[in-house]
Amino acid sequence: MTTTLLEVRNLEKKFAAKSAWFKPKQYVHAVNGVNLQLAERETIGIVGESGCGKSTTGRCLLRLIEPSSGEVIFQGKDITTLSKREIKNIRKDMQMVFQDPMASMNPKLSIREILSEPLLAHKILRSEHEQLLSETMRLVGLPEEHLSRFPHEMSGGQRQRIGIARAIILRPKIVILDEPVSALDVSVQSQIINLLQDLQEELGLSYIFISHDLGVVEHIAHRVGVMYLGEMVEVAEKERLFEKPLHPYTRALISATPKTDPDEVKERIILKGEIPSPSNPPTGCKFHPRCAFTQDICKAIKPELREVEGRKVACHMV
Amino acid sequence: MRKLETYKPIQARVTYKSPLKIKSDSLQKLSRDKRAIVCIFFLFIVFIIGIFSPLLAPHNPEELFYESILEAPSKEHLLGTDAIGRDVLSRLIYGVRVTLTVSLMAVTITFFIGTLIGLICAYVGGWVDNVLMRIMDILLALPSIILALAIVAVLGPSLTNAMIAVGIASIPGFARIIRGAAITIKSSGFVEASRSIGSSHSWILRRQFLPNVTGILLVYTTLFIGVAILDTAALSFIGLGAQPPTPEWGTMLSEGKNYMLDAWWLATFPGLAITIVVFAVNFLGDALRDIFDPKSSR
């Protein structure tokens, strides 16, 4: 974990909300100034509630959604300024695995056709197709006969293996995993997680692992970023974060995950209220209406992400 | 389960199906549908009649029988003769050719341009979609036959122009249906996945959109054949389509209407022919819709 492969600076995405005539345009701030660094062979987990902008962040990195501002630097180039043609080359090195493997595959195409799509799109020599296909099927632990099947003929876990196969068949450097296991049942989840770890070792991949499941993230990630309403509130090494979360929101999240030991005494922090609407976010610290430690300063001034105890936290009270 | 080599894939419980299975599923449903079978059979016969009309027609459609003008159906002329002594049955049989060619060609025009516009609107969206669809809305506000009339008026009356006019006039309706079907595909995960892979737009349209609208395309192409037959006949009826002496059902109908009271057979048989063929096409279209597009049936 030495060289930085991908760096995200102040990534922002605003969606235009319902616009009426003669009224100023309203925006929903889905992602608001996210900073990230991803090293080679590293897995960074992004966690947060639904609607906090973690999936939007992932899509912005690939420019599936055009970011409103900010920089995404990959191999020394700012992706956000590249033309459509250049972005295609980037996509060879950066692939994505989606949450619902059934929805992300065309039901009318066979597995062979689905897996060939990246090869055709990036003009890989025809003579190499067969070898890549069979090698990738072996890597994801599926028999080659499955190539002639259709997505609906497979189980959820097998389908997600195909989703992963499609992402790694071009041997990318970075794979963005958008809730790759949330649609699977728990026993299959662990198989897929193990598979991802094996692939990382074998192919030297870097992962951006987007999830709402802290348990899964704790297992796979090296570093974890916690998002709340489009902002990173805490970024830390996994061990530190789970041992001693600093941000009140992180603490609440971690206290909500079930513990394996029933006798362990645990403090349960229950958040008040709902997640505020991103179109009309609270002033100052966005978390203040739900925070147990709110002071006047929280309502007025937005806390910046700063180094505390070897990690980054955005809270006045820490 | 830490090492890849030791990992054993779970055997799927699903039995293996050949790639053709999906298609044969629909075919099987089709073969069980009595309506569809009857219609296909009937239309097949009509098609055969069209192909072999020179063999099947008892007379030359343009041959004049001076001794039997406006003769009622008889043994010699099964469906009677018209005002200048031509055999109605022969003209009807030759008319199948004209009707089928014109309507199929018209539908081909509709099919290609309509599908293209529909898919582009759905895929590109934004102002392209807005502009194209508003144009389609304006065209839809005109009854398609009036639109066809206007096009023929510009191009001049002939069978080819009628064909083009009918084809163009049906594009708006067709494009809208395809757009509606394709727009749900745009928001599906696999189109996003395709984009994330870096596939080209044309690839996405061909490989992701088209296979998912084939059923709907099939259904509405069939239904639009019925519309095309009617529109062509209507244009010919008012003298802007097939020109005499071409044996076309609409033209025959128009020639026969002047003799409605004296010679009922002149207008009745072409009228019946149009009705029955269009009915069969529409019935088949409905049957296909039940199979390929079950959501929109009833």
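I started with burial in chain A: 55% of its 318 residues are buried, meaning under 20% relative accessible area with a 1.4 Å probe, protein chains only.

A note on ground rules: this is a predicted model, where local features need pLDDT of at least 70, side-chain atom pairs need 80 or more, and totals for chains, interfaces and linings use all residues. Residues are numbered from 1 along each chain as its sequence is written, chains are lettered from A in the order written, and side-chain values use heavy atoms, without hydrogens and water.

Next I checked the overall form of chain A. The C-alpha trace spans about 65 × 60 × 40 Å along its principal axes.

Then I turned to the interface. Here 31 residues of chain B are in contact with 44 of chain A (heavy atoms within 4.5 Å). The buried area is about 3,400 Å², with 52% from carbon and sulfur atoms; this is the accessible area (1.4 Å probe) that the two parts lose on being put together, summed over both.

I also looked up charged pairs across the interface. The rule finds two salt bridges, requiring a side-chain nitrogen of Lys or Arg within 4 Å of a carboxyl oxygen of Asp or Glu. One of them joins A:E113 and B:R207 at 2.4 Å, N to O.

Terms used:
Buried < 20%, exposed > 50% of the residue type's maximum accessible area, 1.4 Å probe, protein only.
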